[in-house]
Amino acid sequence: MRTHHPSNRLLTATGIALLRTDADALLFSAKSFAAAMLAYYIALRAGVPKPSWAIVTVYIVSQTSAGASLSRGVYRFAGTIVGAAATVAIIPCFVNDPLVCSVVLAGWIGLCLFLSLLDRTARAYAFVLSGYTASLIGFPGVFNPAAIFDTASVRVQEISIGILCAVLVHRFVLPKRMTGQFTAKLSATLRDARRLAGDALRGSSGPEIRRDRDRLAGDLLALQGLAGHLPYDPVPVTPSRETLHLIHDRLARLLPLATEVGDRIHALRSGDRSLPDELADELAALLDEAGRWLAAADASGRDAVAVRLIDRARTLRARIAAEAATAGDRLAANLAGHLAEMIGLLHECDRLGRIVGRSSARTAIATTMLPDAASHRRAGRATGYVYHRDPWMAARTALGAVAGIVIGCAFWIWSAWPEGGLAVSILGVCCALFGNVDTPAPNVVKYMTGSVVGVAVSLVYSFAILPRVTDFAGLAAVLAPAFLVAGSLQARPPTTYMALGITLTIPILSGLGASYAGDFAGSLNSVVALFAATGFAVVSMSLFQTILVDAAIGRLLRLNRRDVRRRALGGAPDEALWTSLMIDRTALLLPRLRLSGASHPDVLDDTLHHLRVGHAAGRLHRAIRHLDPSDGASDSSRIVKDGIELLTAIALRFGPGYRAGPSDAAALHRRIEALTARIADSPIADGPIAGRALLLDLLIDLRFALGPGGAVTWENDR
């Protein structure tokens with residue numbers, strides 16, 4: 001009997017994935033080359049001065065999916081129009097002072113980079129292209145302002161031809177739809193979410209649950225990146241934005257909630273339990289059935305079980321809370337409530353995921369929406385992904401780009417270098433295109449490496465091959481090998497920047513115009529300008545635009561603490577916005593931690609700690625503020641006073657420069673215990689915003705979130 005070893009299955013799956021990647025890359029390359037040749041042919045027939053720019057535009061716009069290519073084309077066109085208009089407005093105003101004109105152009109590029117760093121969505125590309133276009137058109141025209149309008153006009157025409165051809169080919173020739181990629185990624189994300197919930201029910205801790213938490217945070221960022229292109233996908237119906245927001249909100253809430261459930265289970269298993277045997281057995285049975293439900297393969301068959309589990313968990317919570325006499329009772333009721341919420345979130349995600357996967361009409365999507373989802377829509381609670389935006393860091397990067405470009409302009413004008421305008425325009429392009437990461441210089445180096453290859457290929461084409469070409473078909477045939485290889489490299493993320501160096505260099509340096517015009521001296525001057533500009537870009541971006549990875553990590557953690565302090569004082573966004581913002585910061589930390597040379601084993605745990613404390617503190621502040629002093633008279637007044645003092649102490653703990661010690665944590669826990677006892681003995685009625693049971697639950701959440709002392713020694717007394 002033959003057996004299949006798991007390693008063989010893994011190798012087979014890996015091989016299939018590699019073959020699929022190769023096939024996708026070759027198809028992308030073939031379509032991009034076809035679009036480039038179509039754009040070149042149309043540009044030649046239209047008689048534009050530099051038809052090579054149509055080819056360059058095709059390779060800049062082309063993406064591996066039809067939706068992404070269209071969105072990129074739309075934003076590039078918008079950015080090109082705005083950048084060209086800005087250049088036409090700037091240069092005539094400073095016609096008598098080239099240095100001031102160059103500084104203003106550099107300032108425009110910096111402003112566009114600043115806005116793109118703040119936006120962080122697919123729209124950011126429009127801001128990038130506004131600066132990119134101003135650099136390409138503006139700096140070569142500083143000493144020839146009379147021709148700036150004509151230059152801008154023809155450049156817009158050339159770029160528009162390239163955009164149109166790239167969009168048409170990728171949309172109608174064997175289109176690869178973004179919706180399919182999104183649906184596949186969503187399915188994988190939902191599997192990761194169930195795996196994380198399973199970890200929580202087993203009480204897992206350590207590397208396993210950390211890995212699953214980190215994977216889910218990365219999944220949410222990847223889903224958002226794909227979702228930005230869905231409206232441009234060539235399919236009859238795309239998932240509605242509201243549905244996508246609902247899915248994100250539930251998955252974002254699941255990430256900290258799974259930790260809450262796991263902590264409660266671990267605490268109950270490791271401490272003394274005061275529950276009656278009947279309730280304890282019922283809770284254990286509920287956890288076991290929830291684990292089996294998570295492991296079930298049939299998604300549609302899980303619905304009825306989920307509804308029954310949620311009802312059981314809520315009923316059990318009500319029974320335990322009604323008879324709660326000890327801290328252990330309240331902890332068990334808290335666990336049952338969180339378990340009901342976790343199952344409900346996963347259940348809703350399953351149903352919403354099936355809705356997204358359907359290829360039915362939009363009306364079907366509306367009619368099959370969950371009742372709870374509809375209530376969220378009415379209440380405006382579907383927030384969707386919330387991006388972390390840091391104006392200070394964006395301004396620092398933008399000012400660094402401005403400084404580098406101004407230095408380059410000063411050298412060009414001082415030295416009267418004839419090719420200086422071209423060099424500075426390339427420098428501005430590098431600052432605009434590569435300035436959206438902490439350390440842009442390595443990407444510029446990759447681009448320069450590709451440019452070296454592109455220059456060598458261009459020289460061969462210009463002076464050995466192209467002089468022998470007599471018609472367009474022959475030209476396309478001789479260009480095909482270089483562009484097909486470079487295009488396949490462009491489709492692979494590790495070699496994208498290097499491939500761009502090839503595909504953007506060959507059309508320009510080879511002199512692909514209306515007729516052959518081999519000019520060795522002109523080509524050599526352009527090569528010198530190219531490498532001088534990219535070399536200086538590496539230096540200036542290393543000096544002025546690089547943010548050390550440890551500094552970026554520290555900045556994010558300081559912002560987390562600041563926002564926890566604000567939430568404790570009642571001055572931060574609501575729970576859904578707060579949770580989504582912290583998920584995005586976690587996703588931003590993940591790649592930085594991999595790049596950091598220092599060891600940061602607890603950084604992601606700290607981020608989750610900040611998320612949980614901020615969530616519990618913000619909700620507790622709102623609940624305490626809604627207490628009615630007339631309900632229990634002096635008890636309610638004292639609870640409000642003690643609650644505000646507790647939250648103020650937490651805000652102080654997360655203040656700048658605060659050094660927390662073990663005694664400080666113990667003091668906070670004593671405050672929580674005292675407030676818990678006072679609320680437990682108070683006559684406050686239960687309510688949806690500020691009820692007795694809710695306040696007790698929030699104090700339990702806060703105590704666990706503040707850990708490590710929050711989850712131990714759950715004594716059986718009040």
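Is Cys431 buried or exposed? Keep that in mind for a moment. What we have here is a predicted model.

Cys431 counts as buried, because its relative accessibility is 1%.

How many disulfides does a search of the whole structure find? The search finds zero. Take Cys431 again. Its closest cysteine sulfur belongs to Cys430, and the two sulfur atoms are 6.9 Å apart, so they are too far from each other for a bond. The cut-off for a disulfide is 2.5 Å between the sulfur atoms.

Next, helix H2, which covers residues 52-61. Ten of its ten residues are buried, so the helix is largely enclosed by the rest of the structure. Among the buried residues of H2 are Trp53, Ile55, Val56, Tyr59 and Ile60. Ser52 and Thr57 in H2 are buried as well.

Which helix gives the most to the nonpolar patch? That is helix H6, residues 148-172, with three residues.

Phe172 lies in helix H6. With a relative accessible area of 60%, Phe172 is exposed, because exposed means over 50%.

Cys431 is buried at 1% relative accessibility, whereas Phe172 is exposed at 60%.

Methods
Residues are numbered from 1 along each chain as its sequence is written. This is a predicted model: local features need pLDDT of at least 70, side-chain atom pairs count only at pLDDT 80 or more; totals for chains, interfaces and linings use all residues. Side-chain values use heavy atoms; hydrogens and water are left out. Buried means under 20% relative accessible area, exposed over 50%, partly exposed in between (1.4 Å probe, protein chains only). Helices (H or I, at least four residues) and strands (E, at least two) are DSSP runs, numbered from the N terminus.
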